[in-house]
Structure formats: C-alpha cells, structure tokens
Amino acid sequence: MISKKMSVNIQSGSLIRKMFEEGARLKELFGEDNVYDFSIGNPDLEPPEEVRSALCSLVDSPKPGMHGYMPNSGYLSTRTAVARSVSTPLTTVGPDAICMTVGAAGAMNAVLKSVLDPGDEVILLAPFFMEYVNYIENHCGVPVIVQTDPDTFLPNPDRIRSAITARTKAIIINSPNNPSGTLYSADTLRELNDLILSADHLIHVISDEPYRELVYDGRTAPATMDYIQNLIVCYSFSKSLSLPGERIGYSAISPSHEDFELLSKAVVLANRILGSVNAPALFQKVIELSIQAKVDVPNYEKRRNMLYEIVTGAGFTAHKPDGAFYLFVRSPGDDMEFCKRCADERLLVVPGSAFSCPGYFRLAFCASEKTIIGSEKAFRTMGKAYGLCD
Ligand SMILES: Cc1ncc(COP(=O)(O)O)c(C=O)c1O
C-alpha cells in the first residue's frame, strides 16, 4: 500500500508531463516533423564548448579522490568560484553562503526544509512553476497563492500585504519567470523588499533564478542580492548551461540575511538528510571550470521573436517575454479546453491552469526553428476557429 498523499498525487499528475507524453505519442503516429511540441522547458541547445572541454580535461587528467565523498556543501573551490560569480560591486558573497545542490529543485527543497515548521505558509505569486506546491508540501508547509497583475505578471503589493499572516514564513519569487517571462526591475525588487521587511516577523525571500542569464533585448537581470535583505537564491545550471540532466545547482544566502549563521548550517544539513548528501562531484568541477560560460542566448531571442510574430499574427494576445524561454498567451476560451483542441492540430501547449493562472496558455520556445516555423498553420487554424483571424 502506498501513502494516501502519493495516491492522490499520482492521480492528478503533472499537466506539463501529460502534454509531453501526448507529444511522444503523436510523434510516433505522425512523425517528428508533423508535431509542434511546445510543452516542456527542456533546453534543446547543446551546452557551451567550455563545458565540453572542462569535462574532457577532468576525464583526461583524473585527480585522486575525485569520485569520493566531500563536505555536504560541496567542494570549497567550487563554492569559491560560485560565490565570486554571485558577488556584485555592492555585495560580497563568501563560499560559506553557498551550498552546491542537485539542481534548483534540490536547492529549494533544502531551503524549505530549513525554514518551515508544519503549517507555515509560503506565498506563491501566480503564475508560478507548479512544482513549488510539491516542494512546500514535502516539508509540511502550506502554499498561499497570490495573483500577480494581469498581463504584466508583476507582483501586486496590496495583494501580497493582505496575504501575509503570522504563519507566513517565506515568499517565492522567480524572475525571469516561468511561465510568463516577466523580469522584475530593480524598483520592483526594492519595493518587494520594503513590503516584506514591513511585516512584524522575519519572512524569507526565496528567489528561484534558473533563468537569470536568459534575458533579451540587451537587458540584464538586476542582482537580487543587491536589493533584498533576507534573501536566499536558488539557482541551477540546467538552463544557463543546458545541463538539466546533470542535476547541478546551488543555494546562496545573502550576507545581509538576519539568520545567516544558522540558516547556512541548516541548508547544508538539509542537503545531506534529504538524501542527495552532496551535489554530483564531477559536475561541481565542470561548473568551477566553466562558470563564465553560457548558452547561445541570442539564439533563444531569435526564436522568441519568431514565435511571438507567428502567434500574434494569428490573432492571439501574448505577453512578449523579457527572459526565460516561454511565451504566455491569452487563451481565447477555457484554457484546458483550448489546449485539448490544439492537440487535435498536433500543437502541444500547456494550459495556464497548470501554473495557477487560468485563461492563458504557455509555449516553451526551446524548440527547433523548424518546429516554430512549421507551427504557423496550426496557430492560424486555431486563430480562425476562435474568430481571432481570417
Ligand atoms: C522556475 C523553475 N524553477 C526550478 C526548476 C527546476 O530546475 P532544475 O531542474 O534545475 O532543478 C525549473 C525547471 O524547469 C523551473 O522552470
């Protein structure tokens, strides 16, 4: 007999995964080229050359003990390289602030385990990456969903203020955002910090930043470390280096965090007792050697522009994303129903309901240019079906 909770979770499953599986089924039936799969955020760009050469040099010149146990926070040399990369002219981060983790998912679980007591509340700003709910519930926390402003998807200070209770332990932010692509400006971060600090107790700001480097139109993401006091960054190299299967990321605690000493110890302990023990050894070393590298961001920007033109050309209203690799589009009808109808056109998209934001759908544009170009006819068919274009 499995647990009641897991029985329920198995039944509900993930809408994104379901779409992804439907994509695999349709590709089998109609051929790869005839299915337009925008369902999952699995980067299709290869990792940068620096990653390959770091990996080759580690394999060619193995060091004794390189496959052994290590401190649960990770290699000091890797944490030092990461700490340097996170530091800014205004904020110096030391290696003791860093814990290497199994992706951003591992970082978030270690952080939530460190801060939550049963029944503590965590504010989520919808639309958000749905796994947050699972991560919070893993540690007996209670997700509290607060909608952002329509179409801009920026945090609404009044709504956040009214959601704060004596049990609020943390708020999760994610900029650039999955699924909306919204990037928070320095002013937005400053305002959020003031609001959080005005509460009568400590509220941790957990900033999930796997898309930090994927920003377009010549912009950069403001460093959250410079603006938010009680900040814990969760990061992963899954997107910036196209390494999702290697499961490598980190948590970084701001030196200005009120609970820095205890929290940094707690996160390392949580990393150990959650069962990952430490982040993968080989990829810590790869990261250390290639920390300055990043994937071909202009390539994603080109695809964003192509898909945006196709979708809006078919009459849909879309928020042009500042970052990440998702387009969040207004659904012309019920989003669940719309996405089902899209699948009939072999167009795989994810309903906004999967991100607690019904009325929209998400397209992941980490798909090939061929897929993007090929999808135009299907978008026009859907646009016509809903009276959005001729
Ligand atoms: C917003 C967000 N956070 C966290 C993750 C998980 O990242 P990782 O696979 O590196 O753990 C993802 C993955 O798509 C994501 O989109």
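**Cysteines, fold and two surface sites**

Trainee: Which cysteine sulfur is closest to that of C342, and how far away is it?
Mentor: In this predicted model, the closest cysteine sulfur to that of C342 belongs to C339, at 5.7 Å, which is too far for a bond. The cut-off for a disulfide is a pair of cysteine sulfur atoms within 2.5 Å.

Trainee: Is C342 buried or exposed?
Mentor: C342 counts as buried because its relative accessibility is 0%. The cut-off for that class is under 20% relative accessible area.

Trainee: And how many disulfides turn up in the whole structure?
Mentor: The search of the whole structure finds zero disulfides. A disulfide would be a covalent bond between the sulfur atoms of two cysteines.

Trainee: Changing topic, what is the overall make-up of the chain?
Mentor: The chain contains 15 helices and 13 strands. Its radius of gyration is 21 Å, close to the 21 Å that the globule rule gives for 390 residues, so the chain is as compact as a globular protein of that length. Along the principal axes, the C-alpha atoms fill a box of roughly 60 × 55 × 55 Å.

Trainee: What share of the residues is buried, then?
Mentor: Of the 390 residues, 52% count as buried. As for the contacts with a separation of 6 or more, 75% are made by residues 24 or more positions apart.

Trainee: Where does D60 sit?
Mentor: D60 is in helix α3, which covers residues 49-60. D60 counts as exposed because its relative accessibility is 62%, and the class begins over 50%.

Trainee: How far is D60 from F328?
Mentor: The C-alpha atoms of D60 and F328 are 44 Å apart in space, and the two residues are 268 apart in sequence.

Trainee: One more residue: where is G119?
Mentor: G119 lies in the loop between α5 (103-115) and β3 (121-126). G119 is partly exposed, at 27% relative accessible area.

Trainee: Which residues does G119 touch?
Mentor: Leaving aside residues up to four places away in sequence, G119 touches C140, V142 and R167. From G103, by contrast, G119 is 16 residues away in sequence and 26 Å away in space, C-alpha to C-alpha.

Methods
Residues are numbered from 1 along each chain as its sequence is written. This is a predicted model: local features need pLDDT of at least 70, side-chain atom pairs count only at pLDDT 80 or more; totals for chains, interfaces and linings use all residues. Side-chain values use heavy atoms; hydrogens and water are left out. Helices (H or I, at least four residues) and strands (E, at least two) are DSSP runs, numbered from the N terminus. The radius of gyration is taken over C-alpha atoms; the globule rule is 2.2 Å times the number of residues to the power 0.38. Buried means under 20% relative accessible area, exposed over 50%, partly exposed in between (1.4 Å probe, protein chains only). Contact means heavy atoms within 4.5 Å.
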